[in-house]
Amino acid sequence: MLEKRPNIIVGKTEEFGNRVVNMYQYLMEKPNSNVEILKQVLRSGTSIGANIAESQYAQSRPDFLTKLTIALKEANETRFFG
């Protein structure tokens, strides 16, 4: 039986999502924080890992590529606000 290796991209995007959540919680406590922008960064930053994780169970190669493309778009959106 083949031993499944950990997927580095899944791990790194999960770690990134956790960092985004921690940043959001930290900045929400600060006065003058732009709540709407923080919420959007939270959504897009955590969506990256969610789409990467979903791609692991894609039903086809096109479905896999679609999920990765969505993750890339979310990463670019998160970077735009950063």
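Ile37 lies in helix H2, where helices are DSSP runs of H or I with at least four residues, numbered from the N terminus. Ile37 is partly exposed, at a relative accessible area of 35%; buried means under 20% relative accessible area, exposed over 50%, and partly exposed in between, with a 1.4 Å probe and protein chains only. The C-alpha atoms of Ile37 and Phe81 are separated by 7.5 Å, although the two residues are 44 apart along the chain.

A word on the source. This is a predicted model, in which local features need pLDDT of at least 70 and side-chain atom pairs count only at pLDDT 80 or more, while totals for chains, interfaces and linings use all residues. Residues are numbered from 1 along each chain as its sequence is written, and side-chain values use heavy atoms, with hydrogens and water left out.

Now the helix pairs. Two packed helices are described by the angle between their axes and the distance between the axes. Axes here are lines fitted to C-alpha atoms, for helices over the stretch in contact, and angles run from 0 to 180 degrees between N-to-C directions.

Take H2, residues 35-55, with H3, residues 61-81: they pack at an angle of about 155°, and their axes are 8 Å apart. That makes H2 roughly antiparallel to H3, the term for angles over 145 degrees. The crossing of H2 and H3 is left-handed, which is to say that the near helix is turned anticlockwise from the far one by less than a right angle.

Which residues of H2 and H3 make the contact? On H2 they include Ile37, Gln40, Val41, Ser44 and Ile48, and on H3 they include Phe64, Leu68, Ala71, Glu74 and Phe81. Contact means heavy atoms within 4.5 Å. By class, the residues of this contact are 10 nonpolar, 7 polar and 4 charged. Ala, Val, Leu, Ile, Met, Phe, Trp, Tyr, Cys and Pro count as nonpolar, Asp, Glu, Lys and Arg as charged, and the others, Gly among them, as polar.

Arg43 is also in helix H2, and at 46% relative accessibility it is partly exposed. Its side chain is joined to that of Gln40 by a polar contact of 2.7 Å. A polar contact is a pair of N or O atoms within 3.5 Å; within protein, one must be able to donate a hydrogen and the other to accept it, and residues adjacent in sequence count only if both atoms are side-chain atoms. Between Arg43 and Glu74, 31 residues apart along the chain, the C-alpha separation is 8.7 Å.

Next, the other pair. The axes of H1 and H2 come within 8 Å and cross at roughly 165°, so H1 and H2 are roughly antiparallel to each other. This crossing is left-handed too. Residues of H1 including Ile9, Thr13, Phe16 and Tyr24 meet residues of H2 including Leu38, Leu42, Ile48 and Ile52. The contact of H1 with H2 has 15 nonpolar, 5 polar and 1 charged residues.

A polar atom of its side chain lies 2.9 Å from the backbone oxygen of Ile9. Apart from neighbours within four places in sequence, Thr13 is in contact with Ile48, Gly49 and Ile52.

Last, the loop between H1 and H2, where Asn32 sits. Asn32 is exposed, at 81% relative accessible area. Most residues other than glycine have a negative phi. The phi of Asn32 is positive, near 65°.

Note on methods. Helix = DSSP H or I, 4+ residues; strand = E, 2+ residues; numbered from the N terminus. Parallel < 35°, antiparallel > 145°, perpendicular 65-115°, else oblique.
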